[in-house]
Amino acid sequence: MKKSFPPVPAALLSMISVQSGSSVAKGLFPVLGAGTTSSLRLGLSAIILFIINRPNPLSLTRKQWIRCLSYGFSIAGMNILFYFAIQRIPIGLGVTVEFLGPLLLALFFSKRLVDLIWFFFAAVGIALIVPWTNSEVDLLGLFLAFMAGVFWAGYILFGGKVTQDMPAKSAVTVATGFAALIALPFGLLSGGFKALNGELFGVALCVALLSSAIPFTLDLIALKKLPTKTFSILTSLQPAFGAFSGLLFLNEMLTLNQWFSILCVITASVGATLTRGKQA
């Protein structure tokens, strides 16, 4: 009997991959801009996924199309807004504010008192990482990160639904193709395609693999087997991975207070994962 990839490791590998890709992508912003980088990321990801998975869109039912389009719209909004956000603020800060989306989604689906403990730790972590008294922090960047989180919640919700109706490989491929079409105008308006060369294209291809093709596939594997609420809290590790990636690749430093906030969201993630087996 063929064994499938475990859902929790799939979710963790997805987070490591996507945050590494975001750090690499931010290095392209000064030359290509956030819009073009996002368009390249989703466009190249779609091409890679179509070549590997070879779905047949014509065989999809009306219900499958609607769910794929909803999932793709969430992918596009989450990625485009997040890139514009981290163009203005550090990645660790951006990911943490963005996590408000999955956190609120998890709170909405909560039915047990113990879950509120993990929500409390995650909420404290987010409250600590935002420099409320620092007037130099870009407020537009924070707002864009929060809106990216709203689409992130939709990504989790619609991703869980689409895997109920069709194979994960087909779903992620069709949805990413739709997301790429939405992102294309942003890429064209940014004007970054004019500066594209072989070296930058190679980096963009790496970003596409790390940030979209690999993590989207791993996420659907996890979403198919994990409850939506559990997956939402598990993703609270994203700020930690984002902060470490920003430090490693971009030398983006965070304060001690902000690192403590990351510890809080890690506590929420571990606690939710350890109590997952008690769910009905």
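I took helices (H or I, at least four residues) as DSSP runs, numbered from the N terminus. I worked on a predicted model, in which local features need pLDDT of at least 70, side-chain atom pairs count only at pLDDT 80 or more, and totals for chains, interfaces and linings use all residues. Residues are numbered from 1 along each chain as its sequence is written, and side-chain values use heavy atoms, without hydrogens and water.

**Aromatic pairs.** I paired rings of Phe, Tyr and Trp (its six-membered ring) with centres within 6.5 Å; planes under 30 degrees apart are stacked, over 60 edge-to-face, the rest tilted. The count is six aromatic pairs. Phe99 and Trp152 pair edge-to-face, at 6.2 Å centre to centre and 70 degrees between the planes. Phe99 lies in the loop between helix H4 (91–98) and H5, whereas Trp152 lies in helix H7, 53 residues apart. For exposure I used relative accessible area (1.4 Å probe, protein chains only): buried under 20%, exposed over 50%, partly exposed in between. Phe99 is buried because its relative accessibility is 1%; Trp152 is buried at 5%. I then noted Phe244 and Trp259, a tilted pair at 4.9 Å centre to centre with 50 degrees between the planes.

**Helix H6.** I located Leu113 in helix H6. Leu113 has 69% relative accessibility and therefore counts as exposed.

Conventions
Helices (H or I, at least four residues) and strands (E, at least two) are DSSP runs, numbered from the N terminus.
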